[in-house]
Amino acid sequence: WELDSAAAWSKVRGFKWVEYARDDHIIPLSVSLYSLVGGSDFSRELQLSSLKGDNHNRSLTPMEWTQHLTLVESALGLSYISPATAAGPAPDNLNPPSQH
């Protein structure tokens, strides 16, 4: 499939943002949507942290999730997603069993 996102970007109306990883080995920064449509001129962007290993096929960090959900919240006109709940519940295997 082929989608010319860079050409379509200026035609998209409303709240929009771009998320990108500088060290993405699948989509190099030079050909990323971020670079093709303005780079540092974005008012809304989420630069993902550069981690060891794969920076393309990885989960968002808790801070990235919070930032992502804040952008989603703004796009939807909501204001009830709190950072405390943004990361979601801890997996059961991280909660120690109760001692009752």
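Is Glu 64 buried or exposed? Glu 64 is buried, with a relative accessible area of 2% (buried means under 20%, exposed over 50%, partly exposed in between, using a 1.4 Å probe and protein chains only). Keep in mind that this is a predicted model, where local features need pLDDT of at least 70, side-chain atom pairs count only at pLDDT 80 or more, and totals for chains, interfaces and linings use all residues. Residues are numbered from 1 along each chain as its sequence is written, and side-chain values use heavy atoms, with hydrogens and water left out.

**The overall layout**
- The protein chain has 4 helices and 2 strands (DSSP runs numbered from the N terminus: helices are H or I with at least four residues, strands are E with at least two).
- Start at the N terminus and the elements go α-β-α-β-α-α.
- The chain has 100 residues, and 21% of them count as buried.
- Its accessible surface is about 7,500 Å², with 56% belonging to carbon and sulfur atoms (Shrake-Rupley method, 1.4 Å probe).
- Take the contacts between residues at least 6 apart in sequence: 53% of them join residues at least 24 apart (contact means heavy atoms within 4.5 Å).

**The salt bridge**
- Side chains of opposite charge can pair when their charged atoms come close.
- This structure holds 1 salt bridge (a side-chain nitrogen of Lys or Arg within 4 Å of a carboxyl oxygen of Asp or Glu).
- Glu 64 and Arg 58 are the partners, at 2.9 Å from N to O.

**Phe 15**
- You'll find Phe 15 in the loop between helix H1 (5–9) and E1.
- Phe 15 counts as partly exposed, at 28% relative accessibility.
- Leaving aside neighbours within four places in sequence, Phe 15 is in contact with Arg 44, Leu 71, Ser 74 and Ala 75.
- Phe 15 and Leu 76 are 61 residues apart along the chain, yet their C-alpha atoms are separated by 8.7 Å.

**The largest pocket**
- The largest pocket has a volume of about 200 Å³ (a pocket is an open set of points on a 1 Å grid over the protein atoms alone, where a 1.4 Å probe fits, with protein on both sides within 12 Å along at least five of seven lines; the volume is the space filled by probe spheres set on the points).
- Its lining residues (those with an atom within 4 Å of a point) include Asp 24, Leu 48 and His 56.
- Strand E1 (18–21) and helix H2 (33–36) each give two or more residues to this lining, and E1 has the largest share, 4 residues.
- By class, the lining has 8 nonpolar, 2 polar and 2 charged residues (Ala, Val, Leu, Ile, Met, Phe, Trp, Tyr, Cys and Pro are nonpolar, Asp, Glu, Lys and Arg are charged, and the others, Gly among them, are polar).
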